[in-house]
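Have the model open as you read.

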Amino acid sequence: MKIAKFVLPVIAAGLASSTAFGGVVINQIDQAVVAGYQANEIVWEGGADWTSSALVVDLTSGTAYQDAFGGDAPYTPALLVPFPSVEFDTYVGIVNGVGNGIAGGAGDLGGGPLSLNANQISVSWFNTGTDDTAAVRIGMITLSTDAAGTWKLLSGGVITEGTVEGGALVPEPASLALLGLGGLAALRRR
């Protein structure tokens with residue numbers, strides 16, 4: 001039996017920036033969506049079937065946004081009409097309904113067991129779907145604009161890391177340089 005997919009609503013506020021890491025894209029969504037917070041949409045956009053990724057966010061200050069009507073699981077589309085801010089609630093999981101969602105914590109990245117709390121987000125995604133080659137939202141990490149700390153992402157066999165600045169997940173300069181070199185190599189190969 002095939003699970004029906006739904007189209008994610010268009011984000012009226014627009015995207016502030018977007019960065020891809022081994023198939024995972026982190027979109028920073030306009031801070032005005034939820035006052036005092038920066039939304040970081042985590043999307044699989046690798047263009048091919050995928051099996052797993054892992055993310056750890058360790059905060060030294062600030063907090064994650066949790067909507068009163070949401071929770072730490074993917075939102076229910078029916079809640080978006082009366083409570084639109086639920087879309088930006090911090091959660092991990094596979095919204096599109098393809099394959100399996102969460103395997104556990106990101107122990108390989110130093111995150112320990114699955115956690116989604118004020119100080120740490122530690123998650124591994126494991127997907128058994130075979131037709132999920134389009135963009136699939138796998139989480140939303142919405143942090144207060146005073147949030148600071150570090151993050152690590154394992155995707156496509158590559159570990160990328162950076163800092164949390166103003167609630168945004170910002171790649172470290174070395175990671176940005178590697179992404180740039182990879183892009184140049186891909187262009188040259190063409």
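A polar atom in the side chain of T142 lies 2.5 Å from the backbone oxygen of F88, a polar contact (N or O atoms within 3.5 Å, one able to donate a hydrogen and the other to accept it). T142 is found in strand β9; strands here are DSSP E runs of at least two residues, numbered from the N terminus. T142 counts as buried because its relative accessibility is 1%, where buried means under 20% relative accessible area with a 1.4 Å probe, protein chains only. Leaving aside residues up to four places away in sequence, T142 touches (heavy atoms within 4.5 Å) Y37, Q38, A39, T63, A64, Y65, F88 and T90.

A word on the source: this is a predicted model, with local features needing pLDDT of at least 70 and side-chain atom pairs pLDDT 80 or more, while totals for chains, interfaces and linings use all residues. Residues are numbered from 1 along each chain, and side-chain values use heavy atoms, without hydrogens or water.

Now for the nonpolar cores, meaning sets of buried Ala, Val, Leu, Ile, Met, Phe, Trp, Tyr and Cys residues joined through side-chain atoms within 4.5 Å. The largest has 23 residues, and V57, L143 and W151 touch the most other members. Strands supplying at least two residues each include β4 (52-61) and β10 (148-155), while β9 gives the largest share, four residues. Another core, of 10 residues, lies apart from it and has A39, Y65, Y75 and F88 among its members.

Which residue in β12 is the bridge partner of V164? That partner is L169.

Key:
Buried < 20%, exposed > 50% of the residue type's maximum accessible area, 1.4 Å probe, protein only. Pairing = 2+ DSSP bridges.
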